[in-house]
Amino acid sequence: MDVKTGEPRFDAFSAFCPSRRLLDTIGDKWASLVIVALGLEGPKRYSELAARIDGVSQKMLTQTLRGLERDGLLTRTVTPSVPVRVDYQLTPLGLSLLDPIRHLKEWAEAHMPEVDAARAEYDERVQ
């Protein structure tokens with residue numbers, strides 16, 4: 001607890017800090033890709049997200065969407081129709097994560113050749 005403000009103080013280096021669970025969520029590749037897809041491309045249906053994020057299983061996408069909704073990072077809107085329409089959209093809290101996660105994604109894409117070279121060098125040295 002912060003002595004001056006009375007607000008809870010979080011320290012992710014502490015084993016018992018709840019912010020670690022949040023870091024687990026936002027550090028997950030599927031969660032990161034969902035946040036970037038929704039943030040850059042706008043609201044999407046489940047099937048659109050599944051098509052956009054190559055390789056994610058139905059189970060993982062469902063778990064990821066539920067976790068992000070639970071954490072207040074996205075909303076799930078059900079529109080009664082035949083068939084029922086379900087749309088996912090980032091909340092303002094989720095949008096606040098877009099820039100940092102987008103930058104991480106772009107960094108990974110830009111530096112993949114260097115990482116591949118480092119991995120190959122390491123693998124050759126360690127064998």
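User: Starting with α2 and α4: at what angle do they pack, and how far apart are the axes?
Analyst: In this predicted model, the angle between α2 and α4 is about 70°. Their axes are 10 Å apart.

User: Roughly parallel or roughly perpendicular, then?
Analyst: Roughly perpendicular, because angles of 65 to 115 degrees fall in that class.

User: Which hand is the crossing?
Analyst: α2 passes α4 in a right-handed crossing.

User: Which residues make the contact?
Analyst: From α2, W30, A31, V34 and I35. From α4, M60, L61, T64, L65 and L68.

User: How do those residues divide by class?
Analyst: The contact of α2 with α4 has 8 nonpolar residues, 1 polar and no charged.

User: Now α5. Where does α2 sit against it, in terms of axis distance and angle?
Analyst: The α2 and α5 axes come within 9 Å. They cross at roughly 110°, so this pair is roughly perpendicular too.

User: Left-handed or right-handed?
Analyst: The α2 and α5 crossing is left-handed.

User: Which residues meet there?
Analyst: On the α2 side, S32, I35, V36, G39 and L40. On the α5 side, G94, L95, L97, L98, I101, R102 and K105.

User: And how many of each class?
Analyst: The contact of α2 with α5 counts 7 nonpolar, 3 polar and 2 charged residues.

User: Switching to the largest nonpolar core. Which members touch the most others?
Analyst: V34, L38, L49, L65, L68, L74 and Y88, out of 21 residues in that core.

User: Which elements give two or more residues to it?
Analyst: α2 (29-41), α4 (58-70), β3 (85-90) and α5 (92-126). The largest share is from α2, with 7 residues.

User: Zoom in on V34. Buried or exposed?
Analyst: V34 counts as buried, because its relative accessibility is 1% and the cut-off is under 20%. V34 lies in helix α2.

User: What does V34 touch, leaving out residues up to four places away in sequence?
Analyst: I53, L61, T64, L65, L68 and L74.

User: How many Å separate the C-alpha atoms of V34 and T79?
Analyst: They are 21 Å apart. Along the chain, V34 and T79 are 45 residues apart.

User: Last one: L68. Which contacts does L68 have beyond four places in sequence?
Analyst: T25, A31, V34, I35, L73 and L74.

Key. Residues numbered from 1 in each chain as written. Predicted model: local features only at pLDDT ≥ 70, side-chain atom pairs only at ≥ 80, totals over all residues. Heavy atoms only, no water. Core = buried A, V, L, I, M, F, W, Y, C linked by side-chain atoms within 4.5 Å. Buried < 20%, exposed > 50% of the residue type's maximum accessible area, 1.4 Å probe, protein only. Helix = DSSP H or I, 4+ residues; strand = E, 2+ residues; numbered from the N terminus. Contact = heavy atoms within 4.5 Å. Axes fitted to C-alpha atoms, helices over the stretch in contact; angles between N-to-C directions. Parallel < 35°, antiparallel > 145°, perpendicular 65-115°, else oblique. Left-handed = near helix turned anticlockwise from the far one by under 90°. Nonpolar A, V, L, I, M, F, W, Y, C, P; charged D, E, K, R; others polar.
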